[in-house]
Amino acid sequence: MTIPICVTCGTSFPDAPAPPERCPICDEERQYVPAAGQRWTTPEALAADHANAWRQAEPGLYEIETQPHFGIGQRAFLLRTPQGNVLWDCLALLDPATVALVRALGGLSGIAISHPHYYTTMPDWAAAFDAPVYLHARDREWVMRPDDRVVFWGEDERALAPGLTLLRLGGHFPGGTVLHWQDGAEGRGAVLAGDIVQPGADRKTVSFLWSYPNWLPLSGGTVARIAARLETRAFARLYGAFGLHITEDASAVVSRSAARYRALLEQDQP
């Protein structure tokens, strides 16, 4: 018996003699099943030819990425606070080096995840560091490995610590969540967004999609609601998925981008 991990999205499933016939995370329009079909790996096989690379994004914030590319290319962030360290989002690979580094930095007081594409091996991370995992209750159905350490919250926001707040924005998933860090960006505020709000390649715009691999948009009204929620918080920096970040004036970038997105949806292009 071993834990199967979906190679395409990185989601893990309960111990079983054989992997599932399908991955529900991939088998819907916000993800995809490759043309070659469903493939599976295990934690041991993944650790044999992959490793987690670390980079300091700013003081107190570390970005963690599995190399070579695995799953959807998830990245996690370890955020250090006086009340304890928080892991934002989660990776499928939890290797011995990562365990040692996290413990050397003080362990984890909690894990918070933006949406189901980052649930990956969250029960293993929770067990390794004896940490609760905060997930929005609107996405409960996508938890493939239930665990007693999972804490479902149902409000539109939840404080994890002073100056550290989870905000449910919805959009990409009903429970789609970002993390507002009041002390980030040298005290000007930062948002860790996963791909609930995704920086563009120019790093001057952001976008909002229902499905990223299949390029399905959100409605203009949903985007306006997301932007309005973010306008209630001060932030100069936005850390997105896949290594794309807005390093200055991020709040203004989100507002301008939301207005542009809505205008494009309402126009007939030539």
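1. **Before you start.** Residues are numbered from 1 along each chain as its sequence is written, and side-chain values use heavy atoms, with hydrogens and water left out. As this is a predicted model, local features need pLDDT of at least 70 and side-chain atom pairs count only at pLDDT 80 or more, while totals for chains, interfaces and linings use all residues.

2. **The sheet.** Look for seven strands in an open sheet, ordered β3-β4-β5-β6-β7-β8-β9, with mixed pairing. Strands here are DSSP E runs of at least two residues and helices are H or I runs of at least four, numbered from the N terminus; two strands pair if DSSP finds at least two bridges between them. At the edges sit β3 (51–58) and β9 (150–153), each pairing on one side only. Direction ignored, neighbouring strands are turned by 25° against each other on average.

3. β5 and β6 (residues 86–88) run antiparallel and are joined by three bridges. Opposite Leu-87 in β6 you will find Leu-78.

4. **The largest core.** A nonpolar core is a set of buried Ala, Val, Leu, Ile, Met, Phe, Trp, Tyr and Cys residues joined through side-chain atoms within 4.5 Å; buried means under 20% relative accessible area (1.4 Å probe, protein chains only). The largest one has 35 residues, and those touching the most other members include Leu-87, Ile-113 and Met-122. Among the elements giving it two or more residues are β4 (61–67), β5 (75–79) and α3 (122–129). Which element gives the most to this core? That is α3, with four residues.

5. **A second core.** A separate core of 22 residues includes Val-206, Phe-208, Val-254 and Ala-258.

6. **Helix against sheet, helix against helix.** α3 lies across β6, β7 (110–112), β8 and β9, at about 145° to β8. Axes are lines fitted to C-alpha atoms, for helices over the stretch in contact, and angles run from 0 to 180 degrees between N-to-C directions. The axes of α2 and α3 come within 11 Å and cross at roughly 50°. That makes α2 oblique to α3, since angles under 35 degrees count as roughly parallel, over 145 as roughly antiparallel, 65 to 115 as roughly perpendicular and the rest as oblique. Where they meet, Thr-98, Val-99, Val-102 and Arg-103 in α2 are in contact (heavy atoms within 4.5 Å) with Trp-125, Ala-128 and Phe-129 in α3.

Technical notes:
Buried means under 20% relative accessible area, exposed over 50%, partly exposed in between (1.4 Å probe, protein chains only).
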